[in-house]
Amino acid sequence: MQTIQYREAIREAMEEEMRLDDRVFLMGEEVAQYNGAYKISQGMLEEFGPRRIVDSPISETGFSGLGVGAAMYGLRPIIEFMSWSFCLVAADQIINNAPKMLYMSGGQFGCPAVFRGNNGAGGQLGSTHSWCVESMFASVPGLKLAIPSTPRDAKGLLKTAIRDEDPVFNLESERMLGLGARGDKDFSRYIKDTWAPPTNKQDDDFTIPFGVADIKKPGKDVTIVAAGRPVHFALDAAEELEKEGIDCEVIDPRTYRPLDIDTIVKSVRKTNYCVVVDQSWPFASVGSEIAAQIYENAMDDLDNKVIRVNNDDIPAPYNRTLEQEMLPNTKKIIDAVRAVTYNA
Amino acid sequence: MTSATTEDKVKTTASHSLPKEKLVDMLYQMMLIRRFEERTMQAYQQAHIGGFCHIYIGQEATAVGAVAALVDDDPIITAYRDHGHALARGMHPNYCMAEMYGKITGCAKGKGGSMHMFDKAHHMYGGHAIVGGQCPLGVGLAFATQYEKKNNVTVCFFGDGAINQGAFHEAFNLAAIWNLPILFVVENNGYSMGTAISRGTAAANDLGAKAKAYGMRYAECDGMDVLDTYNTFKREGDLSRGSTSSALGLEQAGGGPCFINCKTYRYQGHSMSDPQKYRSKDEVNEKKEKDCISSMVSHMIENKLATQDQIDELDKKAKQVSRDAIKYAERSPDLPKSEMFTDVYSQPYGPPYIKGALPKMLTDNNSGE
């Protein structure tokens, strides 16, 4: 089987779509000559040239706004943020202009642009560089938000994003870029599960539709909802809990907007217990939203309250131990599952 | 560049390079904007128009002169004082007024309002309501025409308040490093809302320094003189048109971006709710003596390009068209509630890869069309 890394999956998605459509270009800091700050765009300048792989200066407002304008004109920009933490200086462009253009212009000008980059804590980068932006941005109508957790999802969702007529925020993770590499912690799980894209590299039509959740692990006792990097914490937790006789079902929505609440609710109706994991802060978070929608749709099927597991409600600390402690980590999920199933 | 007075300027050779029909058309465009905006103010005072509403009276020569120097598919983009640009670009006054009335017949179906005039057919990429926010978008338009190897120039208008925004400076830098075909135009009416330019902008008496800082061409024109404005935009537009950059893998060609300082003046307040305590009536009256329409009228008559009767006819037509726009807007149906959830997404469900298996949320009204 083909085992490509998460970063290679992102690259393959961009390369394939760029071969199919000349309107697609990649712009961002260090994407061209440097071959990508995280080596995602490695080799792409060589294949596509400086017209389509464009190094931008450190001007997020400028180049993300450029992406919106170029998309209004009819191009298909992929705008890379080295980190989503850096997108905040461009907020007016990405959340005021991009998602509202179609509506404000009465349907005349859309914004088929993709904004993508690393999201969430890296490794001891401190608070300003450790943003999880999903909760802040998922509340904005007009944009779509994908948060892939495996190389397969990374490739399939990004190809869908590039083809989509609406602005898409693709939230990747620095901590997952090497996922799929030999020696990676999750490698054994990776090769036995369906985490790899189709083996035929020329399969241009492999895409994953938005708004369709993936059951990362089937189970009957309790539902764990998680997206992005926390999916792996949830799977680790499920492995541990299996030893205690608790069979977890791990549901990965893959896109927060649109959200496939139906698959989540179907699972909750079966298990009657639910833990929602989300790597952003707890107050008014995507996890809160999912919990609310579960109550709205499956109140009578719940045998306990929904328990949320979030990033702790603090700026990210630099200290390594505290940083790991802050995350919605495996231990927190295990504790939550035990509590929600009355096994605490 | 010019330092000549309006009276001197309109008598220069500039006008003679243009056919009479074009001059008449430019005069009519200015008259139309003036009469249209008078009706806009009335309608606002009668509460037919809501929200913020920024009147273009006084500045007509800038939009008209600039647009007259472009070709039809040159993209233009501007800020929120945008009625004049929309009309100058060819938007039907009916659609412009209906938009302000919030009617379905408006240019943006009544979803945008006064500050968001969009007209795809006329390559008008909008009025934009956040100061300076449209500057990077204009750069994107210019990037796109260069990417597509088109022989266009983008015109990006903004007010003098935008000069102090970060977006302005990032846009200038990107346009300069990539030699983009774009004219950045400050419609310098001297005030960002109630703040005189010298109070808010460093080196306000030397805006050319901003261009120089980015290695960019700089030009000034009398924005209350439609012919000087036209000449400036024709000259600089031709230099910038079709510019390409070796940094983007193309052959380096063309003059790249230019910063044009159009010195103009608005007769009305910043918006309809502005008591204008920051300036004197004398100042306003003094500026009105240089009025773009009356100076153009005297130029046309003195040079026997039009008779007073013909001028009166033009004004009569402008008044009639503006009255008709009001009638059209009044008679148009309101934006129906069925339009509430349309245009949020163009592909609410993503590409149609799967059929008949859409999650329930996606079939609900609240997620798009």
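Let's start where the two chains meet: in this predicted model, 47 residues of chain B are in contact with 50 residues of chain A. Which parts of chain B build that side? Strand S2 (124-127), helix H6 (134-147), helix H7 (166-177) and helix H14 (360-363) of chain B each bring at least two residues to the side that touches chain A. Among these, H6(B) gives the most, with nine residues. If you sort the residues on that side of chain B by class, you find 28 nonpolar, 13 polar and six charged.

While we are on chain B, a word about how it is divided. The domain assignment gives domain 1 (6-335) and domain 2 (341-369) of chain B. The C-alpha centres of these two domains lie 38 Å apart.

Chain A has 13 helices and 12 strands. Its C-alpha trace spans about 60 × 45 × 40 Å along the principal axes. How does the radius of gyration of chain A fit a compact globule? For 344 residues, such a globule would have a value near 20 Å, and chain A has 20 Å, so the two agree. Buried residues make up 62% of the 344 residues in chain A. And if you take the contacts in chain A with a separation of 6 or more, 78% of them come from residues 24 or more positions apart.

Chain A also comes in two parts: domain 1 (6-192) and domain 2 (214-340). Their C-alpha centres lie 25 Å apart. Between these domains of chain A, 25 residues of domain 1 are in contact with 25 residues of domain 2. On the domain 1 side, helix H6 (134-138), strand S5 (144-146) and helix H7 (151-163) of chain A each supply at least two residues. By class, that side of domain 1 of chain A has 11 nonpolar, eight polar and six charged residues.

Next, let's look at a sheet in chain A. What is the order of its strands? This open sheet of five strands runs S7-S9-S8-S11-S12, with mixed pairing. At the edges sit strand S7 (214-217) and strand S12 (307-310) of chain A, each pairing on one side only. From one strand to the next, the twist averages 25°.

We can walk through the pairings. S7(A) and S9(A) run antiparallel and are joined by three bridges; here Lys217(A) stands opposite Val250(A) in S9(A). S9(A) also pairs with S8(A), this time in the parallel sense over four bridges, and Thr223(A) stands opposite Glu249(A). Then strand S8 (residues 222-225) of chain A pairs with strand S11 (residues 274-278) of chain A, in the parallel sense over three bridges. In that pairing, Val225(A) has Val276(A) as its bridge partner in S11(A). Helix H11 (residues 286-298) of chain A packs on the sheet and touches S8, S11 and S12 of chain A. The direction of H11 makes about 155° with that of S11(A).

I'll finish with strand S9 of chain A. Why is strand S9 (residues 248-252) of chain A described as largely enclosed by the rest of the structure? Because five of its five residues are buried. In a regular strand, side chains alternate between the two faces of the sheet. For S9(A), both faces are covered. Cys248(A), Val250(A) and Asp252(A) are buried on one side, with Glu249(A) and Ile251(A) buried on the other.

How values were computed:
Residues are numbered from 1 along each chain as its sequence is written. Chains are lettered from A and ligands numbered from 1 in the order in which they are written. This is a predicted model: local features need pLDDT of at least 70, side-chain atom pairs count only at pLDDT 80 or more; totals for chains, interfaces and linings use all residues. Domain bounds come from an automatic or database domain assignment. Two residues are in contact if their C-beta atoms, placed from the backbone, lie within 7 Å. Ala, Val, Leu, Ile, Met, Phe, Trp, Tyr, Cys and Pro count as nonpolar, Asp, Glu, Lys and Arg as charged, and the others, Gly among them, as polar. The radius of gyration is taken over C-alpha atoms; the globule rule is 2.2 Å times the number of residues to the power 0.38. A residue is buried if 20 or more other C-beta atoms lie within 10 Å of its own, exposed if 12 or fewer, and partly exposed in between; C-beta atoms are placed from the backbone. Two strands pair if DSSP finds at least two bridges between them. Axes are lines fitted to C-alpha atoms, for helices over the stretch in contact, and angles run from 0 to 180 degrees between N-to-C directions.
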